Amino acid sequence: MNFRYGLLQGFYWAAFCVVFSFYIPLFESFGYDTFTCGVIAMCSTAALALAQPLWGVLCDRSKKIKPILAAALLCGIAGSVLLRYSGKSVFNTVIAVVVLSSTTQSLMYIFDTWSIRLKIDGAKISFGLTRSFGSAFYATTAALFGAALDRFGMGIMTPVFIVLSLIVIALMLTIREPSARNAHPRQEDNDSFATGVKKLLKNRAYLSLLLAVFFVFFGSSGSMLFLSVRISDLGGGNGDYGLALFIMAMSEVPALLSYKKLAPRFSNYSLLCISMFFMVLKISAVALSPRVWMIVALMTLQAPSYGIYLSSIANYVPEIVERRTVFTAQTVIAAIVSGLAGICSNLFMGAAATAIGLRPALCLMIAFPAVGLLIFCLSKFLVKKPSAPVPARTE
């Protein structure tokens with residue numbers, strides 16, 4: 001199960017990389033200015049923020065998850081075809097981006113959550129191990145595809161994405177869902193999404209986490225969105241950008257695999273504090289590094305930042321929320337990380353970069369994750385011990 005699900009994660013993140021990680025270079029090839037790129041990216045994240053909770057709730061309430069994911073991936077393929085032929089029409093580009101963001105891109109946390117569900121239902125699967133496949137495949141794709149774009153042009157993006165998406169669908173069909181998932185959901189787990197959100201709104205520890213995550217990823221989303229532009233301003237190209245993505249994603253692998261050893265020594269709260277601190281350093285590296293090679297090398301900070309974050313957030317949330325709202329809670333965090341924070345950040349960065357220049361705008365972004373880290377550190381005093389036993393940690 002680990003190998004098959006690992007390949008599933010791997011090819012999904014490879015497909016993710018060839019489109020979503022090269023949005024800005026693609027938009028620039030269409031002739032769009034920086035502000036227009038920011039607005040289109042904002043539309044993308046808005047669609048993502050709205051779609052992710054809906055996919056999460058739909059998967060929670062369905063006996064079979066595979067048909068839902070397959071349908072979403074097929075719709076994403078249709079969106080990629082539209083994107084290829086959108087040309088210089090901003091309207092067509094926005095439509096294509098919204099379709100892609102609300103389908104394929106929205107599944108990034110669904111695949112993570114599905115692996116946790118499979119483990120809870122008795123499957124022998126490790127979150128850290130399978131998710132590390134995703135990081136490794138993403139890293140390899142970023143390095144190779146960045147160089148391929150420099151040589152063959154943006155026209156190869158859609159065909160490669162379609163092939164990879166079809167491989168994901170084929171691999172997904174080989175995953176066997178435990179029989180426990182075939183039963184009707186328990187009544188206590190059958191709350192509506194609105195009811196679940198109301199309960200979470202009374203949880204001060206969870207609200208503190210949401211606020212902290214918003215500020216951290218406000219800074220991270222904007223900085224990473226314009227990473228390719230920053231590298232270009234320093235004289236680099238798509239190959240350098242691809243190498244940066246390769247190092248960044250590959251650095252996540254040891255962090256994901258090391259969680260099993262870190263968990264007995266540090267609480268998930270402490271690990272999240274550590275990850276947020278290193279996110280501040282990573283964003284500072286993008287803004288302040290004077291050379292392309294320095295930015296590329298400092299992408300290794302992805303290991304103690306996002307690499308640690310992935311496993312620790314998956315295990316921290318069950319410690320502070322009720323069992324029946326765990327998946328709703330995870331979905332809302334995903335919407336904050338990839339949606340609301342991204343919407344605000346992309347719009348801010350597009351406007352700020354146009355008004356004061358890219359580097360000063362990136363320097364401003366450093367303050368946001370620092371504020372998020374401070375909020376989360378203070379939340380220690382708001383966390384209450386869970387009334388029910390905490391679920392076993394996912395490796």
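Modeller: Happy to! Of the 395 residues of the protein, 56% count as buried; buried means under 20% relative accessible area, exposed means over 50%, and partly exposed is in between, using a 1.4 Å probe and protein chains only. Please keep in mind that this is a predicted model, where local features need pLDDT of at least 70 and side-chain atom pairs count only at pLDDT 80 or more, while totals for chains, interfaces and linings use all residues. Residues are numbered from 1 along each chain as its sequence is written, and side-chain values use heavy atoms, with hydrogens and water left out.

The protein has 18 helices and zero strands. Both are DSSP runs numbered from the N terminus: helices are H or I with at least four residues, and strands are E with at least two.

Now to the rings. Rings of Phe, Tyr and Trp (its six-membered ring) pair if their centres lie within 6.5 Å; planes under 30 degrees apart count as stacked, over 60 as edge-to-face and the rest as tilted. By this rule there are 26 aromatic pairs. One of them joins Tyr12 and Phe16 in a tilted arrangement, with 6.2 Å from centre to centre and 55° between the planes. These two residues are separated by about one helical turn because they sit four residues apart in helix 1 (residues 2-20). Both Tyr12 and Phe16 are buried.

A second pair, Phe348 with Phe368, is edge-to-face, at 5.9 Å centre to centre and 75° between the planes. This pair links distant parts of the chain: Phe348 belongs to helix 16 (residues 326-356) and Phe368 to helix 18 (residues 367-378), 20 residues apart. Phe348 has 28% relative accessibility, so it counts as partly exposed. Phe368 is also partly exposed, because its relative accessible area is 22%.

What about an aromatic residue on the surface? Phe91, in helix 5 (residues 90-102), is exposed, with a relative accessible area of 61%. Together with Leu82 and Ile95, Phe91 forms a nonpolar surface patch with about 290 Å² of accessible area. Patches are made of residues with over 30% relative accessible area and no salt bridge, where like charges are joined within 9 Å and nonpolar side chains (Val, Leu, Ile, Met, Phe, Trp, Tyr) within 5 Å. Accessible areas come from the Shrake-Rupley method with a 1.4 Å probe, and for residues only the protein chains shown count as cover.

Charged side chains meet as well. A salt bridge is a side-chain nitrogen of Lys or Arg within 4 Å of a carboxyl oxygen of Asp or Glu, and the structure holds one. Arg131 and Asp112 form it, their closest N and O atoms being 3.4 Å apart. Here Arg131 in helix 7 (residues 127-152) and Asp112 in helix 6 (residues 108-120) link distant parts of the chain, 19 residues apart. Arg131 is buried, because its relative accessible area is 2%, and Asp112 is buried at 6%.

To finish with the whole protein: it exposes about 16000 Å², of which carbon and sulfur atoms supply 68%.
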